[in-house]
Amino acid sequence: MSITMDTALASLVPNKRRVSALKSLGVTTVGEALTYYPFRVTEPVPLRTIREAVIGQQMAFAAQVRDVRVVQGRMSRVIATVDDTDYARTRHMPGGIAQLTFFGGRKNYVDWVARRLKSSPILVVSGVPSEYMGQLQFTHPDIVTVAPGPAGTATGSGGENSIPDAAADSASTGSAGPYANFQSAADWPASTLKYDADTVADALTRVCRPRPIYHASSRISSEHIHETILGLLWMMGARAASVPEGQNMPAELAAPSTDNITVQNDEESESKVATLAQSIPDILPKSIRAAKGLLHRAEAFLAIHDPDSTVRFKAAIETLRYEEAFVSQASLLKARQHAHKSSAHPCLLDGDNETGAASTTAVTNLRDRFIASLPFELTAGQHQVVEDIAADLARDWPMQRLLQGEVGSGKTVVALAAMLQVVGAGYQAVLVAPTQVLAEQHFETIGKMVADLNVPVTLLTGGMKLAARRKALAAAASGEPGIIVATHAAFSKTFQAPHLALVVIDEQHRFGVEQRESLNAKTDDGTTPHLLVMTATPIPRTAAMTWFGDLDISWLTELPGGRKPIRTVVVNETDAGTMGRMFAHIRARVDAGERAYIVCPRIDTDDEDDGGVSAADSARRSRGLSAGSSGRSSRAASSRTSRASADDIGIDDPYETFDDNGETVVRPPLHSVAEIADRLQKLPQFAGIRFATLTGRDKDDVKTQVMADFASGETPILVSTTVIEVGVDVKQASCIVIFDADRYGLSQLHQLRGRVGRGGTNSWAFLISRAEPGSPAEQRLEVIHNSLDGAEIAQADLEFRGAGDVLGDAQSGGKSSLKLLRVVKDADMIADARTRAEQLLEADPELAGEVQLAGAVLDFTRGNETFLTSS
């Protein structure tokens, strides 16, 4: 059977439970398994006996379990007493006794640890010794359970960190050996757990060699993920030179134990890589791999999942990280190359257009007449961007420009100037907004601004009544020059605009490439519309150049006059006095005729039955994506019957924290709109004040009515999810309170904060936090407390997130091809990859000579259609 990166795991791994568990992590094919990278690798651990232990220095040893007891309490403890007498004898040392201690606040975690310790009479332990009440103790050590009975007999092959030859000899000759007196499995409680290793030697090899640690789940451990991946590499050619004595070649493709696939020496390693390379061809051109000193792709996978040293592991990570940088940059360059080959309608300001569309002198200078009619002066930045766009629109190939600016920086005015240039040239322009509320606000605003210019403005949304919708569709299909403001309805098959020349997409990260490109088919002459995408989501320049390399980029950095800086206050939720003063302040602002937003990440308390799991985790599970976690929270979560939908959790939680074993750190439950609205209405500070709620579950007509009541002051306090994050514009809003602020991404907090202060009044943002003092969460909130600069905040956001992609799976609902590339730290690598990709594409535009690279570029483009930046 030929195995490729696309081969399904179900056809290779006979253990169906394991296949199912891996599927829950988003791993269903060989390629997905090999790119399920470990989040860290352990350093080689020295072997010592208990009597050789040095306090504070990590060590590994084999021992018998003498006793396991559970001490109940608010924080329960599992204490195992272990004795290494038999192991110490093989090292010519007297035996010793130590305690293994595990703390846990959840009963199911405590039971799981106790059951695991009782399941095997032999353990291999790796940890840092300490002293407690005169007793040597290992707190939360790594343990590897060893199968009891004949399979658990110690074997070894010598070497610095292996069992001495005496032990190995006794095992290989069939004598009783030092572990012969261990109890049989029948003497121990029944357990559903499987053993981690067949022999003590195998277990010691695992803990002493650098060992990859993977994000696991309650259904599959890091050890078993590692075993499965090694088994796949074995099947694909990474076999040992000879089959170990006493073992037959498998009759069917099944994963062997890890001792059969350990790299033995350099010669065997080269042989394995050569064989493995037939199943895993390299993607990078040989010339680039040689120039950069990178490993072959097959060699890199082997060094990551079966490292013989940490140096080798790091070299492999660097290789695959550069591969991601090169493929991503080649993809963006090809997209730009393709755009320049397309044709578009040139829209000249003077109306000298080679087009069949109507163009009259009376409307030629619509753009300039509009700018002259504004009751304010454009900033220097706005003037520059307007001129840059005008030059792009005058060309006969499609403009592709990203316009980035702070909330309130005047992006809409710039976009409207561009649309009027197109309308003045006799064509149609469409503005696509992500929500009906925002589309209606744009329609109302634009209608007022062009009222004196006799320009038709049409609204098209999915929530319109049938008659109004048909009228809007007919107006667009007529081809009459004008502006169409639409929601996702613009992507439907029923929407046609034969003279469409410009598409403006507001908050572009809410739309995928596939949706954007569907608008190309709306014209009747095969031309491609010009494209202007706007975002208030702050994107660092490094990220923008990385992910929008196919677009020209403009930044609006100046805020129009009259806007006052927002005062940001971080409030500890347990500080009742400060919370009370905050609510009194909000009441005073409401009495002064202003409005207040209260933002919560969840809709109601039924979204999650167990607060110990993060919102991001819950949202990922609801989409069938990897939760990327294990341990206490995941085990508790596994029994839930209620699941939150992705839309119910409005939080962007990119900072999910894991312990050293890849287990999710338990955190408090998230607040909900229903809970907070009920609590606040009972406070004396809000007596007589009407509240409203707004969530993603509400129908469009309900959202419209709620926002109208809020703007009018009928319900001056709005408790909502992050549905208000984009585009909501109520000038009287002066206060925003964000609960669970320590769980949001910084850029998302910055977006939410921008909902207030839009009317020139003093404004406040209160960030309610339950972060521990000195924790990373508290440090993140200090960034947004001290800065109003979106670019600075976005840069800090990416740095806090650390490794990983910035395409934001948690919001896009898709899976990114990028798993190792870091936008901030790898900026130089990305720049180098871009330069080399440009040189390659200049010599071979279609990548005809690099078939594997061409396929990877195509896969990357298909796999990253959302082009979502971190927000």
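**Reading a predicted model, feature by feature**

Visitor: Which two strands form a hairpin, and which residue in the turn has a positive phi?

Guide: In this model, which is predicted, strand 6 and strand 7 form the hairpin, with two residues between them, and M133 in the turn has a positive phi of about 55°. Strands of a sheet pair through backbone hydrogen bonds, and they do so either parallel or antiparallel. Here strand 6 and strand 7 (residues 135–139) run antiparallel and are joined by four bridges. If you follow one of these pairings, you find that E131 has L136 in strand 7 as its bridge partner.

Visitor: What is the order of the strands in the open sheet of seven strands?

Guide: Reading across the sheet, the order is 6-7-4-3-2-5-8, and the pairing is mixed. Strand 6 (129–132) and strand 8 (142–146) stand at the edges, and because each has a single partner strand, one side of each is left without a neighbour in the sheet. The sheet's neighbouring strands are turned by 40° against each other on average, when direction is ignored.

Visitor: In which sense do strand 2 and strand 3 pair, and over how many bridges?

Guide: Strand 2 (residues 59–71) and strand 3 (residues 76–83) are paired in the antiparallel sense, with seven bridges between them.

Visitor: Which strands does helix 4 lie across?

Guide: Helix 4 (residues 107–119) lies across strand 2, strand 3, strand 4 (97–104), strand 5 (122–127) and strand 8, and it runs at about 155° to strand 4. Helix 6 (residues 200–208) also packs on the sheet, where it touches strand 2, strand 5 and strand 8, and its direction makes about 10° with that of strand 5.

Visitor: Is helix 6 mostly covered or mostly uncovered?

Guide: A residue is called buried when its relative accessible area is under 20%, and by that cut-off eight of the nine residues of helix 6 are buried, so the helix is mostly covered. The buried ones are V200, A201, D202, A203, L204, R206, V207 and C208. These buried residues pack against strand 2, helix 3 (85–90), strand 5, strand 8 and helix 7. For the chain as a whole, 56% of the 871 residues count as buried.

Visitor: How do the axes of helix 12 and helix 14 cross?

Guide: The axes of helix 12 (residues 366–373) and helix 14 (residues 411–424) come within 7 Å, crossing at roughly 145°. On the side of helix 12 the contact is made by L366, R367 and F370, while helix 14 contributes V413, L416, A417, L420, Q421, V423 and G424.

Visitor: How many salt bridges does the count come to?

Guide: The count comes to 29 salt bridges. In one of them, E227 meets R18, with the closest N and O atoms 2.8 Å apart. E227 lies in helix 7 (residues 222–235) and R18 in helix 1 (residues 16–24), so this pair ties together parts that are 209 residues apart in sequence. Both E227 and R18 are buried.

Visitor: Which parts does the pair of K292 and D832 tie together?

Guide: The side chains of K292 and D832 form a salt bridge, at 3.6 Å from N to O. K292 belongs to helix 9 (residues 286–292) and D832 to helix 28 (residues 827–843), so the pair ties together parts that are 540 residues apart in sequence. K292 counts as partly exposed at 33% relative accessibility, and D832 counts as partly exposed at 22%.

Visitor: Where do D591 and R587 both lie?

Guide: An α-helix has 3.6 residues a turn, so residues three or four places apart point the same way. D591 and R587 both lie in helix 19 (residues 576–591), four residues apart, which is about one turn of the helix. They form a salt bridge whose closest N and O atoms are 3.0 Å apart. D591 counts as exposed at 53% relative accessibility, whereas R587 is partly exposed, with a relative accessible area of 22%.

Visitor: Which residues are linked in a network of salt bridges?

Guide: D142, R211 and E223 are linked in such a network.

Technical notes: Residues are numbered from 1 along each chain as its sequence is written. This is a predicted model: local features need pLDDT of at least 70, side-chain atom pairs count only at pLDDT 80 or more; totals for chains, interfaces and linings use all residues. Side-chain values use heavy atoms; hydrogens and water are left out. Buried means under 20% relative accessible area, exposed over 50%, partly exposed in between (1.4 Å probe, protein chains only). Two strands pair if DSSP finds at least two bridges between them. Axes are lines fitted to C-alpha atoms, for helices over the stretch in contact, and angles run from 0 to 180 degrees between N-to-C directions. Contact means heavy atoms within 4.5 Å. A salt bridge is a side-chain nitrogen of Lys or Arg within 4 Å of a carboxyl oxygen of Asp or Glu.
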